[in-house]
Amino acid sequence: MAIISPALLTSLHTSYKMDFQRGQARATPMWDRVATEIQSSAASNTYGWLGRFPSLRQWVGDRVIKDMKAHGYKIDNQTFEATIGIDRDDIEDDVLGTYSPMFEEMGYAATIQVDQAVYALLNAGDTTLCYDGQNYFDTDHPVFPNHDGTGTAETVSNYKDGTANSGTPGPAWFLLQTTRPLKPLIYQNRRAPEFVTKFDPQNSDHVFMKKEYLWGVDRRFSAGFGLWQFAYMSKEPLTSDTLQLAFQDMMAFKADGGTLLGVIPDLLVVPPALDGAATIAVKNMFDAAGASNKTYQKVDCATVPWLAA
């Protein structure tokens with residue numbers, strides 16, 4: 001029988017922390033394909049600069065200062081935790097190795113949590129507001145004729161609801177521009193995962209009352225939307241034709257003032273249900289009739305498990 005001592009508990013903590021870190025190393029995050037990481041140092045960040053696209057002009061005379069419309073898009077940080085309790089009897093009976101996989105899984109879960117949050121937000125983009133007051137994926141984003149956001153806006157769509165042809169929306173797929181400095185989504189990192197413990201038998205009420213030693217992880221972060229012009233959602237059937245139309249729509253997107261943004265979509269994101277359709281649309285050189293596939297290798301493709309229905 002093991003004797004519980006400060007040295008033993010410290011050794012356990014070191015061992016379980018290594019298990020936690022091993023789990024982190026096993027994970028392959030997918031959020032960084034679609035989201036820009038922005039460090040946060042407060043309870044929330046306000047992104048007043050979203051929607052500002054300062055373009056260059058020929059310098060004739062004095063500089064022309066453009067007063068840009070400010071947007072009050074705020075992302076609030078959230079706190080997350082997970083805790084594992086180990087009974088004192090298990091420590092005394094020296095069966096602690098059975099907990100190692102659990103701590104490893106905790107590390108894995110802490111790492112992929114950002115993936116889950118980012119892709120859940122992307123999937124909810126047709127019902128969640130972004131910086132211009134419209135849903136991130138919408139049919140009527142306002143684009144103004146003047147650089148400062150004034151004038152009578154025209155409406156621009158980055159969304160197909162799936163009712164145009166079949167009348168019944170299918171699984172959503174997403175076409176994204178991910179090579180610009182700001183990606184379509186934002187991962188706002190306030191505090192990275194911290195592996196902590198509470199096992200002081202002299203001062204812990206929990207240990208005294210429940211004879212249980214605690215290990216846990218906590219972190220703070222949030223996810224939000226970047227520029228809607230860099231993303232497109234469609235619930236139409238995923239084919240070479242619908243993909244090409246979405247590609248063309250995105251390349252025509254303009255900033256306020258009528259300046260083309262030069263959007264070049266580079267990533268197709270699909271749920272598991274559309275993995276086969278994505279392969280046909282992007283990775284097959286020829287279509288079913290033997291003709292050349294016009295969207296062959298036009299974009300990269302990512303099948304995301306967090307988008308499963």
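Cys301 counts as buried, with 15% relative accessibility (buried means under 20% relative accessible area, exposed over 50% and partly exposed in between, using a 1.4 Å probe and protein chains only). Cys130 is buried too, at 5% relative accessibility. This is a predicted model, where local features need pLDDT of at least 70, side-chain atom pairs count only at pLDDT 80 or more, and totals for chains, interfaces and linings use all residues. Residues are numbered from 1 along each chain as its sequence is written, and side-chain values use heavy atoms, leaving out hydrogens and water.

**Cysteines**
- A disulfide is a covalent bond between the sulfur atoms of two cysteines.
- Taking a disulfide as a pair of cysteine sulfur atoms within 2.5 Å, the count here is 0.

**Aromatic rings**
- You can find 12 aromatic pairs in the structure (rings of Phe, Tyr and Trp, the last by its six-membered ring, pair if their centres lie within 6.5 Å; planes under 30 degrees apart are stacked, over 60 edge-to-face, and the rest tilted).
- One of them is the edge-to-face pair of Tyr16 and Trp215, with 5.4 Å centre to centre and 85° between the planes.
- Tyr16 lies in helix H1 (residues 6-26) and Trp215 in strand E10 (residues 212-225), so this pair ties together parts 199 residues apart in sequence (helices, H or I with at least four residues, and strands, E with at least two, are DSSP runs numbered from the N terminus).
- Tyr16 and Trp215 are both buried.
- Phe103 and Phe195 also pair edge-to-face, at 5.9 Å centre to centre and 80° between the planes.
- Tyr16, Phe20, Phe103, Phe195 and Trp215 make up one aromatic cluster.
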